[in-house]
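Have the sequence and the 3D view at hand.

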Amino acid sequence: MRIFSTFVLPRRQIFNLRQFQTTTILREPISIAPIQILMDATEQSLRQSLSEKSSSVEAQGNAVRALKASRAAKPEIEAAIELLNNLKLEKSAVEKQLQSTISSSGNGSVNREAFRQAVVNTLERRLFYIPSFKIYRGVAGLFDYGPPGCAVKSNVLSFWRQHFVLEENMLEVDCPCVTPEVVLKASGHVDKFTDLMVKDEKTGTCYRADHLLKDYCNEKLEKDLTISAEKAAELKDVLAVLEDFSTEQLGAKIKEYGITAPDTKNPLSDPYPFNLMFQTSIGPSGLIPGYMRPETAQGIFVNFKDLYYYNGRKLPFAAAQIGQAFRNEISPRQGLLRVREFTLAEIEHFVDPENKSHPKFSEVANLEFLMFPREEQMSGQSAKKLCLGEAVAKGIVNNETLGYFIGRVYLFLTRLGIDKERLRFRQHLANEMAHYAADCWDAEIESSYGWIECVGIADRSAYDLHAHSEKSGVPLVAEEKIAEPKEVEKLVITPVKKELGLAFKGNQKNVVEALEAMNEQEAMEMKATLESKGEVEFQVCTLGKNVSIKKNMVSISKEKKKEHQRVFTPSVIEPSFGIGRIIYCLYEHCFSTRPSKAGDEQLNVFRFPPLVAPIKCTVFPLVQDQQFEEAAKVISKELASVGISHKIDITGTSIGKKYARTDELGVPFAITVDSDASVTIRERDSKDQIRVSLKEAASVVSSVAEGKMTWQDVWASFPHHSSASADE
């Protein structure tokens, strides 16, 4: 259960998701868990009571039938029937209580769906986005951004570049979408980037196995009042551990519950892994297998060596990339939240694994926001507000650099317009993290679909660079000078390039690099084999084959040397942003409705901050008049000269309808030309208007749109204008 409050802007009420919900947004960092536990206990008690009432009704029904069969006295039969009817009324009352409890614990799912439909209808009607290839009935998981959607996306990405790339002095790269198989083999995607799938055994239609089981459990819990308290508890347990199920366990549950294909009710196959990458081949011969990249990160990792030298061989440094990624989702759903082609913005921050402090951590240390550490999750508690500095100091967040990026992500999302009360940072549970990861947090945004992971912030240790070093034979390492040299025993591998050149000709470089990249165990095993047999088979990954190395081709030994520098593989802190998910959640957080002036309809409004609004300003003459239209064109030219996106409307539509149309697009300011000397500027959310001279209009809008002034500053500086004449 959640605490709800009405959100009111100055002088005028704004209605949003809270209108559509019977539950609302958490406003205080109170613990929800005891309430949730109480609700679970209440549901369990009601299910038990309903089961008992059902048994009583059935038993009394049998008693009535027995009395009638034995031709008992009429008063006795009537008394039994009256008792049966009373029991049915009691059962009905318990059913209503149970349904009410289920609806409450489901966070108003019906109302959330109504709100979501209102948002999506508006987005598609105003062409923020639409299904791709619509005239051919579309393809699931693919969407086109229309003009306002493109503008919002462009503004989000522009702010991302400013907030991260520019302010953090990152190195931006742009790598190909098509990736050779060897790269994704090294990263683990070829073998492990899978979801479990089942097929309709008759039609061949594919479904994601865990989604079918999840949908079955949720539907039974929400709609089937006849299941026992024990069965309900079992279904909730399944939902809680669903992500940990093995292929066999998932298949066993699907069979146990008799789950069939949703569309045909046909039987389903056993679950099996399906790789989510789109496979292709590079070049006309088809001999070089490749994939459309499932993430942008690998392009940065394989370029580490060059980026490290570009950065003056200094750590820490960060590289960033914005680009398309592709995942062949089994059954995409939830609109922009689960798609097959999407935009990622990823950062790889390379740092010394022995020093993960951050020089700018103090700038974010005092931030306080909702955090959900794994201990709270495991003990059934809720997210609560924590000070970021304290979370790092107590070891809840593993290190300062990870904490710094968590803070920067929080600032980025809230400045975009994400409601800070519907944003939380959830720490990965132990069973969610890869074995090599030091710590992982997700920025989750609450939407009508529930809590959605939109940004992942992970300390991936040195796994990625190690993997590519091993596979490619190229050491991806950093160096640090040591103040006092120390004597160490070092492995020395000396390829004899003359012999290797004679044997391998154009492939000599690949073989040399692979030999030099051997670890100590591999090298000493090779040395022993060469000494005993004089020849050894050696795999060169970059050639994709084994080669024969003879004793005269390489020298392997251990020597005592004075070490003047430390050579190490850097750790990586990776914030990864799902841009489409962030934008969809932003749409929901900014959407609201408010009554028209006549009160006969609800008007849609997107309350985008000027930073991300698709159009910053509209310009229209109050009435169709040549003089006013010329003045509007002058203002339009001035807005264009200062880089303010705007739209000019000289149609004869009433001013109130023009305001309503632009409010629905999220345009924050409207300039109305109603004289040849001055104009009014209207602010979307409050509908307040000021009067400024015609020459000042563009500069005032520019100052507010670019954040140099607030609307409150402008409101205090210029004469106010009554909007009574506007047909709103």
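Q: Why does S187 count as buried?
A: Buried means under 20% relative accessible area, exposed means over 50%, and partly exposed lies in between (1.4 Å probe, protein chains only). S187 has 11% relative accessibility, so it counts as buried. Before we go on: this is a predicted model, where local features need pLDDT of at least 70 and side-chain atom pairs count only at pLDDT 80 or more, while totals for chains, interfaces and linings use all residues. Residues are numbered from 1 along each chain as its sequence is written, and side-chain values use heavy atoms, with hydrogens and water left out.

Q: Where does S187 lie?
A: Look in helix α6, residues 181-187. Helices (H or I, at least four residues) and strands (E, at least two) are DSSP runs, numbered from the N terminus.

Q: What makes the pairing of S187 and H189 a polar contact?
A: A polar contact is a pair of N or O atoms within 3.5 Å; within protein, one must be able to donate a hydrogen and the other to accept it, and residues adjacent in sequence count only if both atoms are side-chain atoms. The side chains of S187 and H189 make such a contact at 2.6 Å.

Q: Which residues is S187 in contact with, leaving aside its neighbours within four places in sequence?
A: They are Q298, Y463 and H468. Contact here means heavy atoms within 4.5 Å.

Q: What makes R112 and E446 a salt bridge?
A: A salt bridge needs a side-chain nitrogen of Lys or Arg within 4 Å of a carboxyl oxygen of Asp or Glu. For R112 and E446 the N to O distance is 3.3 Å, and their side chains meet in a salt bridge. This pair links distant parts of the chain, 334 residues apart: R112 is in helix α4 (residues 109-125) and E446 in strand β17 (residues 439-447).

Q: Are R112 and E446 buried or exposed?
A: R112 has a relative accessible area of 5%, so it is buried. E446, at 3%, counts as buried too.

Q: How do you know that R691 and D674 form a salt bridge?
A: Their closest N and O atoms are 2.6 Å apart, and the pair forms a salt bridge. R691 lies in strand β30 (residues 689-693) and D674 in the loop between β28 (669-673) and β29 (678-683), so the pair ties together parts 17 residues apart in sequence.

Q: Why is R691 called partly exposed?
A: Its relative accessibility is 23%, so R691 counts as partly exposed.
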